[in-house]
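Reader: Before we discuss any packing, could you show me the model and then take me through it step by step?

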Amino acid sequence: MFTPKLEIMLEPKVWREAATQVFFALGLGFGGVIAFSSYNKRDNNCHFDAVLVSFINFFTSVLATLVVFAVLGFKANVINEKCITQNSETIMKFLKMGNISQDIIPHHINLSTVTAEDYHLVYDIIQKVKEEEFPALHLNSCKIEEELNKAVQGTGLAFIAFTEAMTHFPASPFWSVMFFLMLVNLGLGSMFGTIEGIVTPIVDTFKVRKEILTVICCLLAFCIGLIFVQRSGNYFVTMFDDYSATLPLLIVVILENIAVCFVYGIDKFMEDLKDMLGFAPSRYYYYMWKYISPLMLLSLLIASVVNMGLSPPGYNAWIEDKASEEFLSYPTWGLVVCVSLVVFAILPVPVVFIVRRFNLIDDSSGNLASVTYKRGRVLKEPVNLEGDDTSLIHGKIPSEMPSPNFGKNIYRKQSGSPTLDTAPNGRYGIGYLMADIMPDMPESDL
C-alpha cells in the first residue's frame, strides 16, 4: 500500500477506474444525489453537506484500503508460510536421498523450524551450487512480494481472496457471516440511491404511484440480475462493469458539468447558490467547475476512448484444459452487447434533447409537473396563471375559477416576507406558493 508501482499511474485505465470509483462512492452521475436533494429545504446548507460527505467518503476509503491491504497481507503471509514449510520438507527429502549435500546447508539452520530469512538463504545457496540441476528440483522461492503482486480485484477480491483469508481467522464462521452481511447491506445501500434516482423523476413527471413503480423497477433489475448468476455470469459482470458503468458514467458527468457551467451559466449558478446559502461560495469552485474539472474529465474520456481503440475489447477466460487464464476477444454478438450497453446508457440525453427542442410531446394537462427552470425561478409554461389566489384553497377546478398569478419570483424568498418552509414533501410545490401568496394563513391550512 505504501510502496505502490508509480509506473502504473501512467495508464489511462487506472485513472478511468479511479474516476468511476469516485462517482460510485459519491453517487455522482446516477441521479440519486439530485433526487434526494429535491426533498431538501430551500435554504439547506448544501455546501456543508457536500464538504462533509466528501471528507467522510475520503476517510472511509482510506479505512477500507487499510482493511483490504491488511487482509491481503495476512493471506499472503499464510500462503508464504505454507510454501516455506512444503519446500523445506522437499529439501530435507533431497538431503536424505543424497541429491543435495548436507555440507552446503549452514549449521545454524534447522529446516524443521526454518524462518523465511533462513529459507531464502538456503534457497540461494542451492540455486548457486546446483545451477544446472536446479530447475529439476522444482523448488519455489516463496517470496511474499510475489504473492502480494498477484492482482486481485472485483468479484475475485470479495468472494475468493477475502473468503480464503477469513478461513484462517480465529472464529472464522463469525467473521464470514459478518463479512457477507456487510456485502448485502452495502449492495442494498447502493441500490437505495440508484432506484431513487430512477423513481423520483418518473413519479414527479408522470404522477404515477411510487410504490408500484418501485416494485416494477426492482423486479426488472432482479430479472436482469439473473444473467450474472449463470456459470458464465462473471464474464457478464466484467462486461457490464467495463461498458455499462465506466465509460457512459464518465460521459454523463461531463455533460452535467457542461450543462451547469456553459448552458445554464456558472455565474447564474453561483448567484443561485449565494441566494440559497446566504453567503457566496469560494471562487475555488468557480474555477474548478468551469475550467479544471471539464478539462480533466475530457482528457480522461479521450484517453480512455483511444486506449479502448488500440486494445480490442476482450475478457480473461478460464481455459479448463490448460488450467489457466487467457485473454480472448469478444465474439460478434458480444461486441454488439458491449456497444449496446454504452449506447443505451447515454441514449436518454439525446432523446430528451430532441423531444424538448422540437416539442414532440405537447403537455397541455395543466398540472405542475412540467416546469421551466430559469435563473432560479420556476415558471409554468403551458398555462397563463392569472386571477384569484383562493381557487386552489377552496378546491375549485380551473374551469370554474381563474388560476392564481405566479408572476413574482416563487423560488426565492420575497423581500420582507417571513422565513418560509417548503411543502410537506420538501418540494417547491403548492405549499410554498400559497405560503408566499398568503403569508398569514396557518401552515396546517396550507
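Author: Helices, of at least four residues, and strands, of at least two, are taken as DSSP runs and numbered from the N terminus. On that basis this predicted model has 15 helices and four strands.

Reader: What share of the residues in the protein is buried?

Author: A residue counts as buried when its relative accessible area is under 20%. Applied to the 446 residues in the protein, that criterion gives a buried share of 27%.

Reader: How are helices α10 and α11 oriented relative to each other?

Author: Helix α10 covers residues 233–277 and helix α11 covers residues 283–310, and the two pack with their axes 10 Å apart at an angle of about 160 degrees. Angles over 145 degrees count as roughly antiparallel, so α10 and α11 are roughly antiparallel.

Reader: Which residue classes make up the contact of α10 with α11, and what is the handedness of their crossing?

Author: Sorted by class, the contact of α10 with α11 comprises 21 nonpolar, three polar and two charged residues. As for handedness, the crossing of α10 and α11 is left-handed.

Reader: Which residues of α7 make the contact with α3?

Author: On the α3 side the contact involves V68, V71, L72, F74, K75 and I79. By class, the residues of the contact of α3 with α7 are nine nonpolar, no polar and two charged. The partners on α7 are L157, A161, F162, E164 and A165.

Reader: Is S88 buried or exposed, and which residue's backbone oxygen lies 2.7 Å from a polar atom of its side chain?

Author: S88 sits in helix α3, which runs over residues 46–97, and with a relative accessible area of 2% it is buried. Not counting residues up to four places away in sequence, S88 touches L111, V114 and Y119. The backbone oxygen lying 2.7 Å from a polar atom of the S88 side chain belongs to I84.

Reader: Is E325 buried or exposed?

Author: E325 belongs to strand β2, residues 324–329, and, leaving aside neighbours within four places in sequence, E325 is in contact with N316, A317 and W318. Its relative accessibility is 54%, so E325 counts as exposed.

Note on methods. Residues numbered from 1 in each chain as written. Predicted model: local features only at pLDDT ≥ 70, side-chain atom pairs only at ≥ 80, totals over all residues. Heavy atoms only, no water. Axes fitted to C-alpha atoms, helices over the stretch in contact; angles between N-to-C directions. Parallel < 35°, antiparallel > 145°, perpendicular 65-115°, else oblique. Left-handed = near helix turned anticlockwise from the far one by under 90°. Nonpolar A, V, L, I, M, F, W, Y, C, P; charged D, E, K, R; others polar. Buried < 20%, exposed > 50% of the residue type's maximum accessible area, 1.4 Å probe, protein only. Polar contact = N/O pair within 3.5 Å; in protein donor to acceptor, adjacent residues only side chain to side chain. Contact = heavy atoms within 4.5 Å.
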